[in-house]
Amino acid sequence: MTDSQRELAMLALWTAFEQHVRAEEPDHAEALFQAMAHPDAASDADVCRASVYLMGSVFRLTGANRELALRFILD
């Protein structure tokens, strides 16, 4: 995976994650974003929920973006 593919995968995955969280938990979105960005400073529950949303966000992607995101996660 090239650096540009990795950056594209991260951007696509973060965008899907952000949209997913804002749609499902608008009142807790900022806490979940912070949990993903700084897991050591967040509660275990927030980190767990954010991780579940992140993985679910992969399936909101389509085509090449989904493939890149899966490859990024598995690398």
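Mentor: Start with terms. Helices (H or I, at least four residues) and strands (E, at least two) are DSSP runs, numbered from the N terminus. Axes are lines fitted to C-alpha atoms, for helices over the stretch in contact, and angles run from 0 to 180 degrees between N-to-C directions. This is a predicted model, where local features need pLDDT of at least 70, side-chain atom pairs count only at pLDDT 80 or more, and totals for chains, interfaces and linings use all residues. Residues are numbered from 1 along each chain as its sequence is written, and side-chain values use heavy atoms, with hydrogens and water left out.

Trainee: OK. At what angle do the axes of α1 and α3 cross?
Mentor: Roughly 115 degrees. The axes of α1 (residues 3-24) and α3 (residues 44-58) come within 8 Å.

Trainee: Which residues make the contact?
Mentor: Contact means heavy atoms within 4.5 Å. From α1, they include Leu-13, Phe-17 and Val-21. From α3, Tyr-53, Leu-54 and Val-58 are among them.

Trainee: What else does Leu-13 touch?
Mentor: Leave aside its neighbours within four places in sequence. Then Leu-13 is in contact with Leu-54, Ser-57, Val-58, Leu-61, Ala-69, Phe-72 and Ile-73.

Trainee: New topic. Which residues touch the most others in the largest nonpolar core?
Mentor: A nonpolar core is a set of buried Ala, Val, Leu, Ile, Met, Phe, Trp, Tyr and Cys residues joined through side-chain atoms within 4.5 Å. Buried means under 20% relative accessible area, exposed over 50%, partly exposed in between (1.4 Å probe, protein chains only). The largest core has 15 residues, and Leu-13, Phe-17, Val-21 and Leu-61 touch the most other members.

Trainee: And which helix gives the most to this core?
Mentor: α1, with five residues.

Trainee: How many aromatic pairs are there?
Mentor: Three. Rings of Phe, Tyr and Trp (its six-membered ring) pair if their centres lie within 6.5 Å; planes under 30 degrees apart count as stacked, over 60 as edge-to-face and the rest as tilted. Trp-14 and Phe-33 make a tilted pair, 5.9 Å centre to centre, with 50 degrees between the planes.

Trainee: Why does that pair tie parts together?
Mentor: Trp-14 lies in α1 and Phe-33 in α2, so the pair joins parts 19 residues apart in sequence.

Trainee: Is Trp-14 buried or partly exposed?
Mentor: Partly exposed, at 33% relative accessibility. Phe-33 is buried, at 7%.

Trainee: What kind of pair do Phe-17 and Phe-33 form?
Mentor: Edge-to-face, with 5.8 Å between centres and 65 degrees between the planes. Ring pairs link Trp-14, Phe-17 and Phe-33 into a cluster.
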